[in-house]
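Me: I am new to this structure and would like to go through it in short questions. Please show it first.

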Amino acid sequence: MQKEEAIKKINETIVCMYQNKEKEALTRAAELLPFFERMAEIRAEKKDGSVLQVIRFLKDFIENYNCIDMTGMADCLQAQACSLVNTYCVDES
């Protein structure tokens with residue numbers, strides 16, 4: 001996923017979560033997880049410690065996801081996701 005596409009999907013997901021569109025928001029959140037898992041794998045390969053930021057984000061996001069906490073997930077995405085994408089995303093074809 002390209003950076004611009006990822007940021008667009010993140011922002012759309014945040015809107016769904018804040019609007020309490022639970023079913024759509026959970027579907028969108030589940031679609032984002034593989035993207036962030038891949039980002040963690042790529043950062044782990046760099047062996048520079050940056051993977052810890054991605055893992056912390058994933059831990060918080062997954063905890064909120066498991067509790068179906070829409071506000072918690074939205075806050076997590078808003079606070080960290082776009083920054084991680086801008087800093088660490090590697091555009092893959």
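**Helix contacts and a buried valine**

Reply: In this predicted model, Gln53, Val54, Phe57, Asp60, Phe61, Asn64 and Tyr65 of α3 meet Gly72, Met73, Cys76, Leu77, Gln80, Ala81, Leu84 and Tyr88 of α4. By class, this contact of α3 with α4 has 10 nonpolar, 4 polar and 1 charged residues.

Me: Are α3 and α4 roughly parallel or antiparallel?

Reply: The axes of α3 and α4 lie 10 Å apart, and the two helices pack at an angle of about 155°. Angles over 145 degrees count as roughly antiparallel. Therefore α3 is, relative to α4, roughly antiparallel.

Me: Is valine 85 buried or exposed?

Reply: Valine 85 belongs to helix α4. Buried means under 20% relative accessible area. Because its relative accessibility is 0%, valine 85 counts as buried.

Me: What is the separation between the C-alpha atoms of valine 85 and phenylalanine 36?

Reply: Beyond its neighbours within four places in sequence, valine 85 contacts several residues, including Phe35, Phe36 and Met39. Valine 85 and phenylalanine 36 are 49 residues apart along the chain. Their C-alpha atoms are separated by 8.8 Å.

Me: Which helices do the buried residues of α2 pack against?

Reply: Helix α2 covers residues 22–46. Its buried residues include Leu26, Leu33, Phe36 and Ile42. The buried residues of α2 pack against α1 (3–18), α3 (51–66) and α4 (70–88).

Methods. Residues numbered from 1 in each chain as written. Predicted model: local features only at pLDDT ≥ 70, side-chain atom pairs only at ≥ 80, totals over all residues. Heavy atoms only, no water. Helix = DSSP H or I, 4+ residues; strand = E, 2+ residues; numbered from the N terminus. Expected span 1.5 Å × (residues − 1). Buried < 20%, exposed > 50% of the residue type's maximum accessible area, 1.4 Å probe, protein only. Contact = heavy atoms within 4.5 Å. Axes fitted to C-alpha atoms, helices over the stretch in contact; angles between N-to-C directions. Parallel < 35°, antiparallel > 145°, perpendicular 65-115°, else oblique. Nonpolar A, V, L, I, M, F, W, Y, C, P; charged D, E, K, R; others polar.
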